[in-house]
Amino acid sequence: MERVKTKSIKVGNIYIGGNNKIAVQSMTNTDTRDINATVNQILNLEKSGCDIVRCAVIDEAASMAIKEIVKQIHIPLVADIHFDYKLALSSIKNGVSALRINPGNIGSYEKVKIVASAAKENGIPIRIGVNSGSLEKEILKKYGKVCSDALVESAMEHVKLLESVDFHDIVISIKSSDVIMMIESYRKISKLVSYPLHVGVTEAGTVWRGTIKSSVGIGTLLCEGIGDTIRVSLTGDPVDEIKVGKEILKSVGLLSEGIQFISCPTCGRTQIDLINIAKEVESRLIGCKKNIKVAIMGCVVNGPGEAREADIGIAGGKGEGLIFKKGEIVKKVKEEDLVEALINEINNIEA
């Protein structure tokens, strides 16, 4: 698919926008002032493939903790700032790679100018974060309710504010917990600006509900070429956000690294315990960096065909299964030995 052309902006040691890969983000849910807990969570996110991480900076102690946190992690850190412009200045001083602010809620024009000047001097981009739950009273009064036009107008006012102080390293997000409103908002703003867009459904919910809503919202926009970095917002372990985000990118053909996993839903023809076999194989392959397609299929109807299309896979039989590799039968294995045999074959595939 053809991506909407946007400006390329440097965030720490990576670039977003332009022709750069779509970065997957998450946010810590630890107390940022607890340096060890925050660092450990970020390191786990890194292992899962997180490209950019954000931390809430709620007070001066949190901004000071940034200085120690950035020494121990390997991905860009974004400081999430609200209301107090001094926290933005302190976070810049202490080594963050980017800021997430609402320019309209950190004070006067002069304070915005001070933050933008410090960010510009240090090569720090600013993400304008507009949410459906935090629209300005004037805009809400104008439209009478939260809607996509209101979200876009709010974002554009913030863009104009930063541009008026000669700041142009801008990333924009206009999130809503309403999937349709979120899609409409990003479609509209993508026609108005060339700044990179940070795409996501805010407050999407638990891992189950949030995965569905995020897949629909983020996936729809990505299929239209809209989006330069994504965050899946889930109530739970932030590592799950990275797993879901990467699967969304794989599903729409925007990420090829790592395992592509397919398995059949099973039916009355299945004569092996395919559900548990699929779960175990998927679990064993977490963290595997090999760019291969693995198929776990339950019977002879679709199984052999799908398995042949994959780099490696199982086609189930009665209490046993065939292991295929690149369309060729490798071996027949008893059901109880299938998982281990398949994992061994995968381990022997060159990266």
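**Notes on the salt bridges**

1. Lys21 and Asp51 are joined by a salt bridge between their side chains, at 3.2 Å from N to O. (A salt bridge here is a side-chain nitrogen of Lys or Arg within 4 Å of a carboxyl oxygen of Asp or Glu.) Because Lys21 sits in the loop between β2 (14-16) and β3 (23-27), and Asp51 in the loop between α1 (35-47) and β4 (52-56), the pair ties together parts 30 residues apart in sequence. Helices (H or I, at least four residues) and strands (E, at least two) are DSSP runs, numbered from the N terminus.

2. A word on the source: this is a predicted model, where local features need pLDDT of at least 70 and side-chain atom pairs pLDDT 80 or more, while totals for chains, interfaces and linings use all residues. Residues are numbered from 1 along each chain as its sequence is written, and side-chain values use heavy atoms, leaving out hydrogens and water.

3. Is Asp51 buried or exposed? Asp51 is buried, at 12% relative accessibility, whereas Lys21 is partly exposed at 48%. (Buried means under 20% relative accessible area, exposed over 50%, partly exposed in between, with a 1.4 Å probe and protein chains only.)

4. Within helix α2 (residues 60-72), Glu68 and Lys71 are three residues apart, about one helical turn. Their salt bridge has its closest N and O atoms 3.4 Å apart. Glu68 is partly exposed at 32%, and Lys71 is exposed at 58%.

5. In the whole structure, the search finds 20 salt bridges.
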